[in-house]
Amino acid sequence: MHTEPITILHWDLINNQLRVANSAGPLQLAAISELYLVFGILYLHLVYVEEHRGEVVKLLIFPDSVDANSYRRLRVAARWARVKVADE
């Protein structure tokens with residue numbers, strides 16, 4: 001069985017900030033460059049803004065990978081939040 005490292009996603013809708021961390025590191029500010037919601041699977045293509053500027057994080061979030069309430073809130077955020085595209 002192939003396992004991916006755990007990624008932590010903190011999406012602050014009030015302040016319009018998205019932070020991402022791998023299981024061993026601190027939260028890093030990131031920007032969304034692509035966002036798709038297809039067949040209940042959420043795809044986020046993120047670019048780090050601060051320390052690891054330019055590094056890319058790709059996340060596939062499946063409905064059964066988080067609790068139901070968190071996934072529902074994430075889907076609503078993905079549908080209605082403004083997507084902040086990273087500076088090129």
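Contact, on this tour, means heavy atoms within 4.5 Å.

**Before you start**

You're looking at a predicted model, where local features need pLDDT of at least 70, side-chain atom pairs count only at pLDDT 80 or more, and totals for chains, interfaces and linings use all residues. Residues are numbered from 1 along each chain as its sequence is written, and side-chain values use heavy atoms, with hydrogens and water left out.

The chain averages 78, and 89% of its residues reach 70 or more. Among the elements, β2 has the highest mean (84) and β5 the lowest (80). Where pLDDT is low, the predicted coordinates should not be read in detail.

**Stop 1: the whole chain**

Switch to a cartoon view. You'll find one helix and five strands, laid out along the sequence as β-β-β-β-β-α. These elements are DSSP runs, numbered from the N terminus: helices are H or I with at least four residues, strands are E with at least two.

**Stop 2: the sheet**

Select the strands. They form an open sheet in the order β1-β2-β3-β4-β5, with antiparallel pairing; two strands pair if DSSP finds at least two bridges between them. At the edges are β1 (7-12) and β5, each pairing on one side only. From one strand to the next the twist averages 35°, an angle between N-to-C directions, on a scale from 0 to 180 degrees, of axes fitted to C-alpha atoms.

Now walk across, strand by strand:

- β1 to β2: six bridges, antiparallel. Pick Leu9 and you'll see its bridge partner in β2, Val20.
- β2 to β3: three bridges, antiparallel, with a hairpin of five residues joining the two strands. Arg19 stands opposite Leu29 in β3.
- β3 to β4: eight bridges, again antiparallel. Look for Leu35, whose bridge partner in β4 is Leu44, and for Tyr36, which sits opposite Tyr43 in β4.
- β4 to β5: six antiparallel bridges. Here Tyr43 has Leu60 as its bridge partner in β5.

Before you move on, zoom in on the hairpin of β3 and β4. It has two residues between the strands, and Phe39 takes a positive phi near 50° there.

**Stop 3: strand β4**

Is β4 enclosed or open? Six of its eight residues are buried, so the strand is largely enclosed by the rest of the structure. Buried means under 20% relative accessible area, exposed over 50%, and partly exposed in between (1.4 Å probe, protein chains only). Across the chain, buried residues make up 28% of the 88 residues.

Select Leu42 and show what surrounds it. Setting aside residues up to four places away in sequence, Leu42 touches Leu35, Tyr36, Leu37, Leu59, Leu60, Ile61, Tyr71, Leu74 and Ala78.

Next, click His45, also in β4. His45 counts as buried because its relative accessibility is 12%. Its side chain makes a polar contact with the side chain of Ser33 at 2.5 Å. (A polar contact is a pair of N or O atoms within 3.5 Å; within protein, one must be able to donate a hydrogen and the other to accept it, and residues adjacent in sequence count only if both atoms are side-chain atoms.) Beyond four places in sequence, the residues His45 touches include Ala31, Glu34, Val56 and Lys58.

**Stop 4: the nonpolar core**

Show side chains for Trp11, Ile32, Leu35, Leu42, Leu44, Leu46 and Ile61. They have the most contacts inside the largest nonpolar core, which has 17 residues. Such a core is a set of buried Ala, Val, Leu, Ile, Met, Phe, Trp, Tyr and Cys residues joined through side-chain atoms within 4.5 Å. Giving two or more residues each to this core are β2 (17-22), β3 (28-38), β4 (41-48), β5 (56-61) and α1 (68-80).

**Stop 5**

Go to Ala77 in helix α1. With 6% relative accessibility, Ala77 is buried. Ala77 and Leu13 are 64 residues apart in sequence, yet 7.5 Å apart in space, C-alpha to C-alpha. Which residues does Ala77 contact, leaving aside neighbours within four places in sequence? Trp11 and Leu13.

Last, find Gln28 in strand β3. It's buried too, at 5% relative accessible area. Leaving aside neighbours within four places, Gln28 is in contact with residues including Leu18, Val20, Tyr48 and His52.

Technical notes: pLDDT = per-residue confidence, 0-100.
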